[in-house]
Amino acid sequence: MKKSNPELQAQIRKCICYGVTALLVIACALILYFCIERISGLRSFVGTVTAALMPIVWGVVIAYLLSPSYNFLHRHLYPALGKRCSEKTARGWAKGLSIFLSLLLLVLILYALIAMMVPRLIDSIVRFVNSIPTYIQQMRGALNVLLADYPEVHAAVLGAFNSATSYAQNWINTHLDFESITNDSLQELLANAWDMIYSISAGVKNIVVFLKNFIIGIIVAVYVLASKQHMCGQGKKLIYTIFPRKAANIILENCRFAHHAMSGFISGKLLDSVIIGVLCFIGCSVLSIPYALLVSVIIGVTNVVPFFGPFIGAIPSALFILLVDPVKCLAFVIFILILQQFDGNILGPKILGDYTGLNSFWAIFALLLFGGLFGVPGMILGCPVFAVMYHILDEVSQALLHRKGMSTDTGDYELLGSVENGTYQKVPDPAYESDPFAQKKRSERRSGWWSNMLNFFHKRSGAPEMEDSPSEGDDDSSE
């Protein structure tokens with residue numbers, strides 16, 4: 001029988017789909033093979049492109065960070081200006097003033113941080129270098145007091161300490177005393193000087209590149225803030241052009257969730273870090289801890305990193321204070337522990353809420369993964385980025401389970417053994433063997449088994465059946 005025309009067309013379309021799929025698979029395999037074969041060149045290419053686009057990245061990041069202040073200013077300036085001029089003029093002035101005031105706020109914050117940190121840091125370094133002989137004498141006296149009852153240990157430790165200090169003094173005299181420099185030491189000094197000059201020039205180059213990227217990034221941020229609504233509209237238009245309507249709606253919903261998680265987490269974490277820095281300065285000032293302002297700035301800045309941030313800032317600060325006053329160092333450690341407990345259990349949850357939705361394990365996993373891949377930026381942004389990925393995966397799994405007609409509640413799968421005819425068969429959990437409720441249930445099952453066995457023997461002997469005993473080992477139930 002001859003096939004009808006629609007059936008033939010459907011078969012042809014099916015064959016074409018199979019052919020295109022096979023062609024795409026082969027093309028992807030060839031591209032993957034090429035990338036693996038030329039991985040070094042690909043890495044160099046990606047590094048070159050990333051370095052070229054770094055000002056754009058800085059501009060987008062700065063614009064995103066300034067977006068809350070820009071929205072706040074625009075929301076209040078536009079109605080006020082709309083009463084005095086036309087709508088178009090009010091919108092333009094409101095946008096320009098909002099961008100200018102937001103950038104001015106950023107510059108003032110950076111200037112305040114630099115003005116606070118740089119002089120204090122230089123003063124701290126100078127005081128530390130000048131106090132090194134005093135610290136050595138104090139350390140020698142502390143060793144004498146601690147090891148006075150152990151002569152052998154005292155002699156060994158003090159000998160090693162004196163050898164280390166003598167070696168350091170001789171190295172300083174040899175390398176920094178120009179009157180006693182010989183030809184060999186002069187050549188060694190020149191070789192080290194060239195290495196030092198190369199390191200200094202590389203550091204200066206990195207600073208210049210960073211400043212260039214940052215300045216250009218500020219200019220890019222101005223254009224991004226000025227045209228962000230138009231750019232968002234272009235992006236949505238492109239999404240609806242490429243994807244079907246239902247898929248486009250899902251993509252936009254996930255983008256809104258990502259924006260909510262990222263903006264809420266970043267702004268909340270910045271506010272939380274500022275509050276913790278201020279509280280740390282107040283506490284250090286009350287406790288008369290040395291370098292209170294510098295330590296507070298370090299604690300506030302490193303507190304931006306979740307979980308590990310307090311330790312990253314507290315450990316070097318504590319070591320720095322230890323060289324000045326060990327008792328104050330102990331007080332500082334105790335104070336920081338109390339402050340971080342307050343931040344982690346009271347202040348942080350109140351400010352941040354549940355923007356990420358991740359438990360502690362996945363948060364630490366995200367920090368280690370993204371921190372290892374991207375460094376400090378990865379540690380800061382790892383939690384919200386992974387939260388978006390986790391949310392998308394959860395949405396996909398719920399859609400697939402709903403299509404299969406299965407439950408989407410995670411609690412139904414915690415002790416799941418199998419699913420038979422829509423029934424979720426549970427398995428016993430060894431972790432709850434000591435649970436009183438589980439013990440009560442086991443006692444009821446045992447008493448039921450005991451009663452059933454006694455009833456069986458009573459039936460055999462012709463005696464009446466027994467009632468279920470209330471508990472195992474209850475002799476009164478056999479009456």
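**Entry 1: Leu369**

I looked up Leu369 and found it partly exposed, because its relative accessible area is 36%. The class runs from 20% to 50%: buried means under 20% relative accessible area, exposed means over 50%, and partly exposed is in between, using a 1.4 Å probe and protein chains only. Leu369 sits in helix α12, residues 360-374. Helices (H or I, at least four residues) and strands (E, at least two) are DSSP runs, numbered from the N terminus. I also checked Leu369 against Phe386: they are 17 residues apart in sequence, and their C-alpha atoms are 9.7 Å apart in space.

**Entry 2: What kind of model this is**

I note that the model is predicted, that local features need pLDDT of at least 70 and side-chain atom pairs pLDDT 80 or more, while totals for chains, interfaces and linings use all residues. Residues are numbered from 1 along each chain as its sequence is written, and side-chain values use heavy atoms, with hydrogens and water left out.

I then read the pLDDT, the predictor's confidence in each residue, from 0 to 100. The chain averages 76, and 78% of the residues score at least 70. Contact means heavy atoms within 4.5 Å.

**Entry 3: The whole chain**

I counted 14 helices and 2 strands in the chain. Of its 479 residues, 22% count as buried. For contacts between residues at least 6 apart in sequence, 55% join residues at least 24 apart.

**Entry 4: Helix α9**

Is α9 buried or exposed? I found 9 of its 11 residues buried, so α9 is largely enclosed by the rest of the structure. The buried residues of α9 are Ala292, Leu293, Leu294, Val295, Ser296, Val297, Ile299, Gly300 and Thr302.

**Entry 5: α8 against α9**

I took helix α8, residues 245-286, and found that its axis and that of α9 come within 8 Å and cross at roughly 155°. The two are therefore roughly antiparallel. Axes are lines fitted to C-alpha atoms, for helices over the stretch in contact, and angles run from 0 to 180 degrees between N-to-C directions. Angles under 35 degrees count as roughly parallel, over 145 as roughly antiparallel, 65 to 115 as roughly perpendicular and the rest as oblique.

On the α8 side, the residues that meet α9 include Ile276, Gly277 and Phe281. On the α9 side, Ile299 and Gly300 are among them. The contact of α8 with α9 divides into 7 nonpolar, 5 polar and no charged residues. Here Ala, Val, Leu, Ile, Met, Phe, Trp, Tyr, Cys and Pro count as nonpolar, Asp, Glu, Lys and Arg as charged, and the others, Gly among them, as polar.

**Entry 6: α9 against α10**

I turned to α9 (residues 292-302) and helix α10 (residues 309-324), which pack at about 160° with axes 7 Å apart. This pair, too, is therefore roughly antiparallel. From α9 the contact is made by Val295, Ile298, Ile299 and Thr302, and from α10 the residues include Pro310, Ile312 and Ile321. By class I have 7 nonpolar, 4 polar and no charged residues.

**Entry 7: Gln340**

Last, I looked up Gln340, which lies in helix α11, residues 326-352. Gln340 counts as buried because its relative accessibility is 14%. Leaving aside neighbours within four places in sequence, Gln340 is in contact with Ile276, Ile299, Asn303 and Pro310.
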